[in-house]
Amino acid sequence: MTRLSCDDVLVPTDRAMRVGASWVPLLPADALDCSDDEGATVAGSWDAGARVREVPGCGNRRAWLVDTVEHEDDDGRGLSWLLEGAREALAAVARRPVERPVHGRARRLVGLPALGTGWGGAAGRRGALLQQLLPVLREAATEHGYDVALVLRRPSDLAAAQRVRRGEGGGWALPAALREVAEDLGARARAGELAVFVGAGVSAAAGRPTWEALLDELADRAGLGEGLTAGLTGLPPQDAAALLARELGRDELTAYVQQRFGPGPYALAHALVAGLPVREYVTTNYDPLVELAAADVGRPLRVLPFEEAAPGEPWLLKLHGDAAHPDSVVLTREQYLEFGDHRTALAGVLQTLLLTRHVLFVGTSMLDDDLIRIAHQVRSVLAAPGTATGRRNGTVLALQEDAVRARLWERDVDTVAMGDADVPGPEAARRLEVLLDLLGCLSSRPTGYLLDPAYRGLLDAGERTLSAALGEVATALTGGSGRSWAGQEVRRLLEELGHQDG
């Protein structure tokens, strides 16, 4: 939650305005009275009868305290009391005017956790809370015209939430054709067939520049006159970058790339992509936002070629380098030529994915020289005598319809537009987020909460019988059998089903 790029964040607290340590980074230091390893106390006091309070000094992303902890004199109001607090907080957020949502989103984004599952009274009743909280969030989003991101702590929490959403239709407002695309991609993800390519458009939603915007920023930094700046648009991007590198000096260019593409808040799309059950990711982006989002959703990525891939572990290939490793960044024509053999090896990884997986392209214009060359080489292999033909290797999720570009790539990939040319860019980008959200739901494991006691209320009679039987298996593993090779494999399976030791 602390790294998600959004307009407003709801922070759970109690009557003493005590917040857990994980929430402290959201709050300015001068808003805290005291802090320790377990959390901090926010300065100030509640207004009479209030449960919601805005924390001043948080900048563009506003933080709102919400009292979620019942006390002895609260008459055991339970979940209804928590839900009323959520409604009150979401209404307070709506009363704050926002002229322009963060990074040009079509709607402002409000982030919140499953209120009351930490120090609050719903810690052991997560299933019942989710069943009642999700409709409250949908109603608020519809009434107030913003988007809500529910951020959950554990894999079993996410699996249970997705089950509830599937049972209630989920509220994904998408045309039928886009729902069909999500269903097809979801089936591929569940079967282990899907890989993901992440382009600059995803990071643009987190405030990172696209290639064109980066060149404009560098030209401004170099102090080029209007004539030269205008002339840059007529050059191939790598040549424009080479000219700017000559004007700025390579060291200054590298330092600027590190500054603009360093760690920071990631976009909602980063979190949605990182949460997919996919093991292979490729990106041309220099920033670390995909891997930061993946770590936050409990799926840390090995970043290639800087780290070694591990069997069964997901990985991310940085095709054009990483800002944290400035010598690896490929930006200018000279760098493209210098890294010839090195980049050929990396490109081979993407070629392999195009031959063995269905690659989902998100946030890319498909005009990158490397992509065009790689696609041509794969196409040549598939066109060889005796090779199966007609197979498309991926799906491109484009924001707006572009018949010419779709025709250019029709032999290689399916191009799916979020809308026609009349759909504004921000609304098309939001529709892409909705599609990725639906894809995540359709591809998620439907059993990840089976052995989590907090979700026993979601189980039907047959699932409760199965859960009890698997619970006996978990008990058997507490002895010496749990240390054997077979015992470790069974323990891993039980953890995937929501079991937690202790």
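Predicted model: local features only at pLDDT ≥ 70, side-chain atom pairs only at ≥ 80, totals over all residues.

Q: OK, how many cavities turn up in the whole structure?
A: Three of 30 Å³ or more. A cavity here is a set of points on a 1 Å grid over the protein atoms alone where a 1.4 Å probe fits but cannot get out, and its lining residues have an atom within 4 Å of a point. Points are joined across faces, edges and corners, and the volume is the space filled by probe spheres set on them.

Q: What's the volume of the largest one, and which residues line it?
A: About 80 Å³. The lining includes Leu354, Phe361, Met366, Trp409 and Asp412.

Q: Which helix gives the most to that lining?
A: Helix α14 (residues 369-382), with four residues. Helices are DSSP runs of H or I with at least four residues, strands are runs of E with at least two, and both are numbered from the N terminus.

Q: How do the lining residues divide up?
A: Nine are nonpolar, one is polar and one is charged. Ala, Val, Leu, Ile, Met, Phe, Trp, Tyr, Cys and Pro count as nonpolar, Asp, Glu, Lys and Arg as charged, and the others, Gly among them, as polar.

Q: You mentioned Asp412. Where does it lie, and is it buried or exposed?
A: Asp412 is in the loop between α15 (403-408) and β15 (413-419). Its relative accessible area is 3%, so it counts as buried. Buried means under 20%, exposed over 50%, and partly exposed in between, with a 1.4 Å probe and protein chains only.

Q: Which side chain does Asp412 have a polar contact with?
A: The side chain of Arg379, at 2.6 Å. A polar contact is a pair of N or O atoms within 3.5 Å; within protein, one must be able to donate a hydrogen and the other to accept it, and residues adjacent in sequence count only if both atoms are side-chain atoms.

Q: And the second largest cavity, what's its volume?
A: About 40 Å³. Helix α13 (residues 340-356) has the largest share of its lining, three residues. Pro305 is one of the lining residues too.

Q: What joins Leu304 and Pro305?
A: A cis peptide bond, with omega about 5°. Pro305 sits in the loop between β11 (302-304) and β12 (315-318).

Q: Switching topic: in the largest nonpolar core, which residues touch the most other members?
A: Leu27, Leu397 and Leu436, out of 65 residues. Helix α16 (residues 425-443) gives the most to this core, with eight. Such a core is a set of buried Ala, Val, Leu, Ile, Met, Phe, Trp, Tyr and Cys residues joined through side-chain atoms within 4.5 Å.

Q: Last one: what's phi for Met17?
A: It's near 55°, a positive value in a residue other than glycine. Met17 lies in the loop between β1 (8-13) and β2 (18-20), and is buried, with a relative accessible area of 2%.

Key
Residues numbered from 1 in each chain as written. Heavy atoms only, no water. 1 Å grid on protein atoms, 1.4 Å probe; cavity = no way out; pocket = protein on both sides within 12 Å on 5 of 7 lines; lining within 4 Å.
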